[in-house]
Amino acid sequence: MSFLKKLLVTAAFSAAMFVNAAYAENVKIALVVKSLGNGFFDAANKGAEEAAKELGDVDVIYTGPTKATAEAQIEVINSLIAQKVNAIAVSANDADALVPVLKKAMDRGITVISWDSGVAKEGRQLHLNPSDTGLIGETIIKLAADYLPEGGDVAILSASSTATNQNAWIEAAKKVLPEKFPKIKLVATVYGDDDSAKSTDEAKGLLKSYPNLKAIIAPTTVGVVAAAQVVTDENLIGKVNVTGLALPSEFKKFIDNGASQAVALWNPIDLGYSAIYLAHDLAVKKEVAKPGATLSIGRVGKVTLDDTNSAAMAPPFQFDKTNIEKFSKIY
C-alpha cells in the first residue's frame, strides 16, 4: 500500500472513530421543575435517575428556579439551550409564557416535552399529564365530600394562578359540583404560589374570611402541608378538614393527628421516570408525537396521545390512616 493510501485509510479510520465517539456521548435530558426544594419534584427526579440508569445512555440535568415563576424558568431554559442539551422536559409555571423560549429550543433541534403542568401545544411536542384531568378534579372534591355527609363550605388553596395543571383541575372540580356534590359549596379559590409562607398566609385568610369553612382543598403538595399546619396550630382539628394532593412522606403527621382524613396523589417517582422515557424516545429513537401514537413509558406501561398530543399516566391513589404509613416510606 502506498504512503498516500495509508494516509487516507488512517484519516478515514480516525474520522470514523471521532464520529463513533460523538455518538457514544450520553444524551443530556433536562428535567426542568417549577421550583427547586419541592419534595414532589425531588421525588420525580429519583424516577428520572432510575430511567437514566435503565436506558444507559442518559445524563439527567435536574434544574429549575428557586421561585415558581415563568420568568425564572425562561432563564433556566435559555441556559439549557446554550448548553446544547438534547431534550428538555418541563413542568411549566405558565402554559403560554414559556412558548417562545421552547420554540427557540425546538428550532435548534432540542426535543421538548412538558409533564405534570403543561405547555401550550405549540411550545412542545407532547405533554404527559400525571392523571386524567377530569378524574383529578372530581377526586379532590370527593376527598372533602366523603367526610362532609351534610355538606358545607369548602375553599381551594391552589399554587400559582397561571399553573396549567392546577387551573385545569379546579375547572374540572367546579364542573362536577352541581351534579355529583350538590351539598358542597365552593366559597373561594386562593393562590399560595407554591410558597410555604404565602400558602400559610392564604390558609389563615380563608379561615378568617369564612368562619363556617368545613374543608380546605389544596391540589398542591406545598399548599396542603401549609394548610394542615395552620389547622393544627389554630386548634381546628375536627372542625376543618384539610385535603388535596400530598406526598405521603410529608403529610403522614397530619393524617396521624386528624388535621386531614385523606389525601391523594399519583407516584411522582413514576412521573419523572416516564417523562425521561418519553423525552429519550423522541430525541434518540426519533419516535413521532402525533395524535393516536402509542409510546412506551418503560416499566410504567404505555400511553396513547390524544388530539392535543397529550396523555395521562395513571389514576390518583388515595392515602388515609390505613395505608399512609407504608407509602410514607417510599415517597
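The model is a predicted one, in which local features need pLDDT of at least 70 and side-chain atom pairs count only at pLDDT 80 or more, while totals for chains, interfaces and linings use all residues. Residues are numbered from 1 along each chain as its sequence is written, and side-chain values use heavy atoms, with hydrogens and water left out.

Although Lys-286 is not a glycine, its phi is positive, at about 60 degrees. Lys-286 is exposed, with a relative accessible area of 59%; buried means under 20% relative accessible area, exposed over 50%, and partly exposed in between (1.4 Å probe, protein chains only). A positive phi, near 55 degrees, also occurs at Asp-194, again a residue other than glycine. Asp-194 belongs to the loop between β7 (184-191) and α7 (196-209) and is buried, with a relative accessible area of 15%.

Four strands form an open sheet in the order β7-β6-β8-β9, with parallel pairing; two strands pair if DSSP finds at least two bridges between them. At the edges stand β7 and β9 (241-244), each of which pairs on one side only. On average, neighbouring strands of this sheet are turned by 25 degrees against each other, direction ignored. Axes here are lines fitted to C-alpha atoms (for helices over the stretch in contact), and angles run from 0 to 180 degrees between N-to-C directions.

Between β6 (residues 152-158) and β7, which run parallel, there are seven bridges. Gly-152 has Ile-184 in β7 as its bridge partner. Helix α5 (residues 133-145) packs on the sheet, where it touches β6, β7, β8 (213-218) and β9, and its direction makes about 160 degrees with that of β9. Contact means heavy atoms within 4.5 Å.

Helix α6 (residues 164-180) has 17 residues and spans 24 Å from its first C-alpha to its last, close to the 24 Å expected at 1.5 Å a residue (the expected span is 1.5 Å times one less than the number of residues). Its buried residues are Asn-165, Gln-166, Trp-169, Ile-170, Ala-172, Ala-173, Val-176 and Leu-177. They lie on the same side of α6 because they cover an arc of only 165 degrees around the axis, the arc being that of the directions from the helix axis to the C-beta atoms. Among the elements covering these buried residues are α5, β6 and β7. The face of α6 turned away from its buried side bears the exposed residues Lys-175, Pro-178 and Glu-179.

Notes:
Helix = DSSP H or I, 4+ residues; strand = E, 2+ residues; numbered from the N terminus.
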